[in-house]
Amino acid sequence: MPKELMDGNRAMAEAAVRAGCRYFFGYPITPQSEIPEYLSLRLPQVGGVYLQAESEVSAINMVYGAAGAGARVLTASSSPGISLMSEGISYIAAAELPCVIINVMRGGPGLGNIAPAQGDYNQAVRGIGHGDFNLIVLAPNSVQEMADYTILAFELADKYRNPVMILVDGLLGQMMEPVEFKEEPPKQFPKPWATTGAKDRPRNIINTLFIEPEELERLNLKLQEKYEQIKQEECRCENYLTEDAEIIVAAFGSCSRIAKAAVEEARELGIKAGLCRPITLWPFPEESVRKAAQKAKACLTAEMNAGQMVFDVRMALKDRIPVHHYGRMGGAVPTPGEILAQIKKIEVQING
Amino acid sequence: MHHEIIIAGFGGQGILFAGQLLTHAGMVEGKHVSWIPSYGPEMRGGTANCSVVISDRGISSPIVTEPTILMAFNGPSLEKFENRIKPEGFIFYNSSIIKRDPQNPKASSYGVPVNEMAEGLGNSKVANMVMLGALIEITKIVSPETLLLSLEKALGRRKKNMLSLNEEALKAGREYAVQRLK
């Protein structure tokens, strides 16, 4: 396949179709609206269904239904819309149904604005809704990765019978870069649990109501066992220039691109900086973060929020070294120069 | 080769389209490329800008803070970005409506009367193509042949009738650069 120039939102939408997704339910909100716009044209071409619901609450319950019937199904929204979906997402996780949810984050809290931000990190990695559950959260940082990880998201969702979130922001959603779609067919998984009509087999039941505490505890234990397995098998992380790094910059998503430029500029100045980029935000790649920081004397998280990833980085590093934070909020995007200034400040602190 | 470009002007001047075209041509020529719009509740007559990176090496940050090239289609855009240009950078500005020289002695500045030239070709909307023509002639950032291929692809079948006019506008911009700017 030749490369195409595409924005991140459309690349994720096209990748979903290639992953075998035939159902999209959502409600428009900037900066993700290119996804429903694209799928409203594309899904009917492949015999799929595009449906604009009357609200996000309704959309996520349509996703619940389609997932229960065994379909590959997608919804997408942006920060406030994702908050509205949280009850339904908890039901989907409890019913152990696979689906993919894209959050193209915008400035918050509240109605906020439509500029890029990363303020929904905690919401995404701490389960989003009520009860003990986790989403698998993927954080791509380029248009190519947005396409690749959308396909991966559908595979992981089916493999673990768990909702998967792709957490990006308006910058990645709107940015155009070359993207190449692979020709290989996506992995498929049998779904004997799906409610597809009970002809010649006992009926399947999808339910999240368990009156007896012991029964609900059994479900919880089963979920926890699954989450443990996901933690063991699915951590992903990219470490760049970290082998000899004295200062580790930890960043994810669009901010990791900016941090990468800052790390390169620091290296040109002779500062031993490296970049640690978690790709799965849940499960958090603790081993890789520790490995990146083997020789480090300090860590800096660079995020477009108030420091939401700091806790996870500190837990991973067990507070062996200080973890600083630099962040912009409300839709403001840091420059490489701003992050470089922080790296220089830390360099002075550790090396005098 | 590594260029970071900001294209800025009024909404409706084809700012974002010009950026996409340049980005696509860069990709066709095997370069690493990225394009970011200043997306927002934009409207015709409001301000619009986009950031383009075209490079021989992988692009770390697609955010452009110190461009090597500025294409300013109106006064406010020149004012906003002229002092951020890297030394030995380029400023291309719309001299039809910007009646002063850019205030950056370290950059090479080129005024092109793109509005008048586009109107001379019969359609004010191709001012962006005139400017792109001048840009590629001076900087050689992509070849005119590739840019034409990208233009053909971008216009598609539906707007194929617009191809020759856009092609003429590119050519006019290049010729202006050869005769008046070099």
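**Figure 1. Aromatic pairs in the predicted model.** Over all chains of this predicted model, a search of the whole structure finds seven aromatic pairs. One of them is formed by A:Y121 and A:F252, whose rings lie 5.3 Å centre to centre with 45° between the planes, a tilted arrangement. A:Y121 belongs to helix α5 (residues 121-125) of chain A, while A:F252 sits in the loop between β10 (247-250) and α9 of chain A, so this pair ties together parts that are 131 residues apart in sequence. Both A:Y121 and A:F252 are buried.

**Figure 2. The aromatic cluster of chain B.** Three residues, B:F90, B:F92 and B:Y110, make up one aromatic cluster. Within this cluster, the ring centres of B:F90 and B:F92 are 6.4 Å apart and the planes meet at 25°; planes under 30 degrees apart count as stacked, so this pair is stacked. B:F92 has a relative accessible area of 0% and is buried. B:F90 has 18% relative accessibility and also counts as buried, because the cut-off for buried is under 20%.

**Figure 3. A buried salt bridge between two helices of chain A.** A:E14 and A:R42 form a salt bridge in which the closest N and O atoms are 2.7 Å apart. A:E14 is in helix α1 (residues 8-18) of chain A and A:R42 is in helix α2 (residues 34-45) of chain A; the pair links distant parts of the chain, 28 residues apart. Both partners are buried: A:E14 has 4% relative accessibility, and A:R42 has a relative accessible area of 19%. The count over all chains is 27 salt bridges.

Figure 4. A:K199 pairs with A:D200 in a salt bridge, with 3.9 Å between the closest N and O atoms. This distance falls inside the cut-off, because a salt bridge requires the nitrogen to be within 4 Å of the carboxyl oxygen. A:K199 is exposed, at a relative accessible area of 70%, and A:D200 is likewise exposed, at 76% relative accessibility. A second salt bridge joins the side chains of A:D319 and A:R314 at 2.9 Å, N to O. Here A:D319 is partly exposed at 45% relative accessibility, as is A:R314 at 40%. Elsewhere, A:D7, A:R10 and A:E37 are joined into one network by salt bridges that share partners.

**Figure 5. The contact between chain A and chain B.** Chain A contributes 22 residues and chain B 18 residues to the contact between them. The area buried between the two chains is about 1600 Å², and carbon and sulfur atoms give 73% of this area. A:L5, A:M176 and A:R257 together supply 33% of the area that chain A buries against chain B, more than any other three residues. Between chain A and chain B there are zero salt bridges, but four residue pairs are in polar contact, with both residues at pLDDT 80 or more.

**Figure 6. The side of chain A that touches chain B.** Four elements of chain A each supply at least two residues of this side: β1 (4-7), α7 (170-174), β8 (176-179) and α9 (253-268). Of the elements of chain A, α9(A) gives the most, with five residues. Sorted by class, the side of chain A that touches chain B holds 13 nonpolar, three polar and six charged residues.

Note on methods. Residues are numbered from 1 along each chain as its sequence is written. Chains are lettered from A and ligands numbered from 1 in the order in which they are written. Side-chain values use heavy atoms; hydrogens and water are left out. Contact means heavy atoms within 4.5 Å. Buried area is the accessible area (1.4 Å probe) that two parts lose on being put together, summed over both. A polar contact is a pair of N or O atoms within 3.5 Å; within protein, one must be able to donate a hydrogen and the other to accept it, and residues adjacent in sequence count only if both atoms are side-chain atoms. Ala, Val, Leu, Ile, Met, Phe, Trp, Tyr, Cys and Pro count as nonpolar, Asp, Glu, Lys and Arg as charged, and the others, Gly among them, as polar. Rings of Phe, Tyr and Trp (its six-membered ring) pair if their centres lie within 6.5 Å; planes under 30 degrees apart count as stacked, over 60 as edge-to-face and the rest as tilted. Buried means under 20% relative accessible area, exposed over 50%, partly exposed in between (1.4 Å probe, protein chains only).
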